[in-house]
Amino acid sequence: MTYDAPVGREVSTGVDVRSVFPDNGVIRIESARLFAEPDGLLCRRFVASVFLAPEIDSAVIVGCGTAESVTPAVELRFDATQYSPRQVLEHVATLLDATPCCESSVEVPSALTARDRHGAVRYHRYGQRVTGWRVVSERVGAIKLENPVLHRKAVLCEAIERELMSVLGVDRYETSSRDCCAKIEYDPRQLRPVQIIELLDGALANAEHSDRLDPLDLDLAICTASLPLAAVAQFAMPALLPVSAALFAYTAIPSFRGAYQVLFKERRLGVDVLDSIVVMGCLATLHVFPGAILAWCLSVGRYLVRRTEDNSKKLLLGAFGKQPRYVWLVKDEIEIEVPLDRLDKGDIVAIHTGEMVPVDGIIVEGLAMIDQHALTGESTPAEKGVGDRVFASTVMVAGKVHVAVEKSGSETATAKIAQILNDSAGYKLASQHKGEQIADKVVIPTLGLGGLAFAALGPTGAVAVVNSDLGTGIRMAAPLAMLSTLALCAQKGVLVKDGRALDLLCEVDTMLFDKTGTLTRERPEVGRVIAANGFDPVHILRFAAAAERRFHHPIALAILQKAEEEGLRLPLTDATQYKVGYGIAVGIDGHRVRVGSRRFMESEGVSLTREVQDALDEAHREGQRDRAGSARARHQSHRNHLGRPRGADPQARRGARDGPLLCPGAARRQGRLRREIATGRS
């Protein structure tokens, strides 16, 4: 069925457009002028206008760059059970007429990001976005996408992985040039699927696209297939020995290449030479099954090294290199969500409680508590105000600030450290160098022993002796050990800036630490509760935990953990007032309860009791003794208080004297960090 008519006056002036309905749910619109160049202005404007129609699910541009006998066309796909072809076509024509030049709200990515190996450009709809990615499956927190542009293009997969490995909110990812897909697990609280697709489109648009396809990596598959064939030929059907020997020789090509590199370019004898001699010995004696096992082991070793290196680099950058890719830009007192890479120096960004700081910059407005232990090792959040500097990848635990951008993206301190970590995975261990040197040195003795074995035991014995070299195990074990150790350290929060440091670690007998934050636990603990005026310590702990229930800074978590250990049921709170850097005031069971710093208590008119003063003085004295007795390491105490304000009348004053007061003070006895809770009177 055909329909010859101009489709839209704006894009088809002077253009013959032929509409064909080749199948249910498909409209084929042919035009040599419109679709000859997929990235041309007319074609992009047409595609953008077409996707304004909600009926259109996808569009495929075909025939571009092919033989002149094939007319370039676009195939529009829709749900034939809900819409008729003529209805969809008329709606598309109406949209083309109604959409002024260059005013479509739909952004069409470059054809390079959606072209398959046959030259067709495939666009799909995801929400309001047009993309080359097709959603294969989706659930909350996970999405699988397919794009034919990845077919046998490992460089594009690497570009995507480089983009994803540094995105905050992406937990796991996997790309495949064989299946043309990307599997991504993400945190739905930080990323939306449409943002992930936008990131993938950007990665493909910025990557280098080659017309050449990667050679198929069938090394391990062929080696695996050669094992049963060699076994059958060796022990059951000798007639298959020629075929098995030819396949075995093919799987040994990487060993021959290594031997050529060592002999003719490096001018030395190496373990690759021994491997090649073993292969030729197995072929000469027709012991193809042992040779096939050797080739398979070498192939598995190469595969494991590649996978371990890739996974280690992902873990290293994931531990320290993640940054948010979308920020809240402040323009005319309005917060606008924009991509991080669009920020310029001097822009103002807003950062809220719970968010990760996206840039290095200076606070120009607001007050906040920032957890920066990943950079500085401090176990407790730092209070930051106007004029203070903040760093990317630190976490805002409380407050809201506006930050003037100084550095963003790859220029931040965190990104530079992440690059150092990435480089560390490329260093070889000294033990690996030594092992390779030893293995190379024993090549000549091994060949000599092989000659003696040939004279005494024959060819089979000579091959067995030559195959017992040291190099193969060292070449596989050493890099696997280093990369696995780097990955394990990254998972445990230990950042190794140079892989060579792992060699020296076994020789270290003394370690020096520049600050106690390096040695403290990430979360403080409540050591004891000090009660006064007849109040029950459990009652005081219950009030404190109820007040801090909705907060996530370290002191609040320590109090909540203690309450959970005691099995306390927390009462409901109301009328919560929180002042960043000062404290919190809440209503509990008809009482006004305050938790905060000393200056917060003073601003609220609450005086410390004798018991609280004594507890604080004792904590300070213990801190002084600790500083004097542990290599002058400094430890800063943190004090929080919970109390009722002093009233203007005696009755109110008496109520304040009898009120609870919480005072966590830092103390260190025998290496244990403690927090103390006290109650007292004004």
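**Notebook: burial, sheets and salt bridges**

I began with Asp116, which is buried at a relative accessible area of 10%. The model I am reading is a predicted one. I then looked for the salt-bridge partner of Asp116 and found Arg122, with the closest N and O atoms 3.1 Å apart.

I took the total next: the count comes to 16 salt bridges. I looked up Arg129 and noted a salt bridge with Asp201, the closest N and O atoms being 3.3 Å apart. This pair links distant parts of the chain, since Arg129 lies in strand 7 (residues 129-131) and Asp201 in helix 5, 72 residues apart. I checked both for burial; Arg129 is buried, and Asp201 is buried as well.

I turned to Asp179 and Arg178, whose side chains meet in a salt bridge at 3.6 Å, N to O. Here I recorded Asp179 as partly exposed, at 40% relative accessibility, and Arg178 as exposed, at 68%. I also noted one network, in which salt bridges that share partners join Arg18, Arg28, Glu30, Glu75 and Arg77.

**Entry: strand 5 and its neighbours**

I asked which residue in strand 5 is the bridge partner of Glu30. The partner is Ala73. Strand 3 (residues 26-30) and strand 5 run antiparallel and are joined by five bridges. Strand 4 (residues 56-62) is also antiparallel to strand 5, with six bridges between them; in this pairing I located Ala59 opposite Leu76 of strand 5. I then examined burial along strand 5 (residues 73-78): five of its six residues are buried, so the strand is largely enclosed by the rest of the structure.

I traced an open sheet of four strands in the order 8-9-11-10, with antiparallel pairing. Its edge strands are strand 8 (134-139) and strand 10 (170-176), each pairing on one side only. I recorded an average twist of 10° from one strand to the next. Within the sheet, strand 9 (residues 142-146) pairs with strand 11 (residues 181-186) over five bridges, in the antiparallel sense. I noted Ala182 of strand 11 as the bridge partner of Leu145.

I next asked which strands helix 4 (residues 154-164) touches as it packs on the sheet. Helix 4 touches strand 10 and strand 11, and its direction makes about 180° with that of strand 10. Helix 5 packs on the sheet too, touching strand 8, strand 9 and strand 11, with its direction at about 135° to that of strand 11.

**Entry: Ala203 in helix 5**

I selected Ala203, which is found in helix 5 (residues 193-206). Is Ala203 buried or exposed? With a relative accessible area of 7%, Ala203 is buried, because the cut-off for burial is under 20%. Leaving aside residues up to four places away in sequence, I found that Ala203 touches Ala159, Ile160 and Glu163. I also looked up Cys157: its C-alpha is 9.5 Å from that of Ala203, at a separation of 46 residues in sequence.

**Entry: a nonpolar surface patch**

Helix 8 (253-265) and helix 14 (443-457) each supply at least two of its residues. Helix 8 gives the largest share, three residues. I placed Ile444 in helix 14 and recorded Ile444 as exposed, with a relative accessible area of 56%.

Note on methods. Residues are numbered from 1 along each chain as its sequence is written. This is a predicted model: local features need pLDDT of at least 70, side-chain atom pairs count only at pLDDT 80 or more; totals for chains, interfaces and linings use all residues. Side-chain values use heavy atoms; hydrogens and water are left out. Buried means under 20% relative accessible area, exposed over 50%, partly exposed in between (1.4 Å probe, protein chains only). Two strands pair if DSSP finds at least two bridges between them. Contact means heavy atoms within 4.5 Å. Axes are lines fitted to C-alpha atoms, for helices over the stretch in contact, and angles run from 0 to 180 degrees between N-to-C directions. A salt bridge is a side-chain nitrogen of Lys or Arg within 4 Å of a carboxyl oxygen of Asp or Glu.
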